[in-house]
Amino acid sequence: MIKTSYCSCKNHTETIEVYDFGMMPRVNNYSSNQEDNDRTSLVLTVCESCKLVQLSSMPDLNSIYLEYDHISSASTSNVRHLKNVAEMINNKHNDRKTLLEVGCNDGTFLRNINKNFISHGIDPAKNVYQKKSSDNFSIHNLFFDTSNQLKIRNLVGEKIDIIIGLNVFAHNSTYNDMFSAIKYLLASNGYAYIEVAYAKDTVLSGNFDTIYHEHFCNYTLTSLINILKENELMVVDVDKVPTQGGSLGIWIEHLNDNKEVSDNIDVILKEERDFGISDISMYMKLSKVIEHKIFNIKSRFLANAIHKNVLIVGVPARGVITANVCNCKTLQNAVAIDDTPEKQGYNIPGTNIPIENPEEVNYKNFDIACILAWTYKDDLIKRIKKAGFDGDIFIPFPDGKYI
Ligand SMILES: [Zn+2]
């Protein structure tokens with residue numbers, strides 16, 4: 001057990017090391033094709049006080065987010081999900097509301113929000129959003145934090161009724177400050193809806209591919225409630241969402257002890273207690289679970305595929321971690337495919353595996369496929385089979401199996 005850094009929670013507790021993944025490349029760094037260039041240590045820790053599973057350190061936010069290679073609309077499954085969330089919000093309101101999406105990326109979610117909303121997006125990346133004539137929202141290139149909160153209020157309005165953050169509140173070591181900005185900006189009767197990967201279903205079950213440098217926090221409901229309370233906010237409802245290999249959808253309002261909250265909260269908190277979320281020994285056993293998953297992928301896939309023609313399907317951030325932790329650079333004849341044009345022509349970061357356009361690959365040339373983007377496996381398997389792939393298909397998570 002090695003104590004590494006300090007948690008930024010109220011008690012400012014030292015965190016405890018859970019697993020050290022070693023030096024890993026940045027998952028969205030496509031600017032360099034050098035295998036071993038630009039690696040940073042990736043160490044998973046947990047705070048004994050608030051129970052937040054987090055990294056021991058994170059690269060400078062500017063270097064990650066001012067120019068960003070993840071594009072929301074690049075995945076059809078993600079577009080479908082963002083549309084469903086927008087519909088859920090649309091269906092809750094008949095009156096005119098002011099809505100702000102944090103980390104709005106290319107505007108895929110905002111395009112699906114009803115036109116009677118006053119909609120704004122905020123995102124530090126200038127390279128992702130291309131305005132369309134039909135867009136009825138504004139996008140501001142800023143970080144969402146307390147240093148910009150006054151500026152955001154001036155741009156968006158005094159009273160923000162709804163704040164949305166889909167897979168953004170786990171992506172910063174400044175998460176506490178971001179929740180504090182919600183506290184400042186949210187109207188007194190407003191709410192925030194955020195989605196975050198659920199640590200219990202992902203990393204705490206050994207599915208380590210959600211651990212990468214820009215995924216600083218791995219929330220449970222227990223840890224989120226602790227952090228929100230520090231910022232005088234509270235969870236009023238929670239849903240399990242089947243994205244990212246397991247996520248939570250969290251409804252947040254201003255803290256008020258007399259507020260009625262959903263029974264879902266107690267149900268999930270009980271599941272977490274039974275799982276051992278509050279018991280530090282559970283986190284200590286996790287390293288064995290992670291090691292076992294790595295061993296499975298290496299022995300079942302890598303050993304079998306090493307001399308074969310390998311098709312790596314999808315190169316999401318999580319896939320870059322799997323490829324590096326499991327040493328996929330030892331594969332001798334591997335090609336990856338990904339729909340994101342910004343990734344094509346480069347290698348999977350940290351490896352020498354080239355990424356190609358899925359439309360330009362001869363699927364009959366491959367003996368074995370590995371679905372690194374396994375959370376979209378159903379769509380991807382259908383697609384490669386339709387395109388002529390006829391070999392074995394390995395799914396690395398949750399159990400590391402061929403189908
Ligand atoms: Zn803490």
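1. Basis of the note. The model is predicted: local features need pLDDT of at least 70, side-chain atom pairs count only at pLDDT 80 or more, and totals for chains, interfaces and linings use all residues. Residues are numbered from 1 along each chain as its sequence is written.

2. Overall fold. The protein chain contains nine helices and 18 strands; helices (H or I, at least four residues) and strands (E, at least two) are DSSP runs, numbered from the N terminus. Its radius of gyration is 21 Å, close to the 22 Å that the globule rule gives for 403 residues, so the chain is as compact as a globular protein of that length. The radius is taken over C-alpha atoms, and the rule is 2.2 Å times the number of residues to the power 0.38. The C-alpha trace spans about 60 × 55 × 35 Å along its principal axes.

3. Of the 403 residues in the protein chain, 45% are buried (20 or more other C-beta atoms within 10 Å of the residue's own, with C-beta atoms placed from the backbone). Among contacts with a separation of 6 or more, 67% join residues 24 or more positions apart; a contact requires C-beta atoms, placed from the backbone, within 7 Å.

4. The sheet. Six strands form an open sheet of mixed pairing, in the order S15-S14-S13-S16-S17-S18; two strands pair if DSSP finds at least two bridges between them. The edge strands are S15 (355–356) and S18, each of which pairs on one side only.

5. Parallel pairs. Strand S13 (residues 309–313) pairs with S16 in the parallel sense over four bridges, and Val 313 has Ile 371 in S16 as its bridge partner. S16 (residues 368–371) also pairs in the parallel sense with S17 (residues 392–395), over three bridges. Here Ile 368 stands opposite Asp 392 in S17.

6. The crossover. From S16 the chain passes through helix H9 (residues 377–386) to S17 in a right-handed β-α-β crossover. Right-handed denotes a clockwise path from the first strand over the helix to the second, with the strands pointing away from the viewer.

7. The hairpin. S17 and strand S18 (residues 401–402) run antiparallel and are joined by two bridges. Phe 394 has Tyr 402 in S18 as its bridge partner. Five residues lie between the strands of this hairpin, in which Gly 400 takes a positive phi near 60°.

Methods: Buried ≥ 20, exposed ≤ 12 C-beta atoms within 10 Å, placed from the backbone. Contact = placed C-beta atoms within 7 Å.
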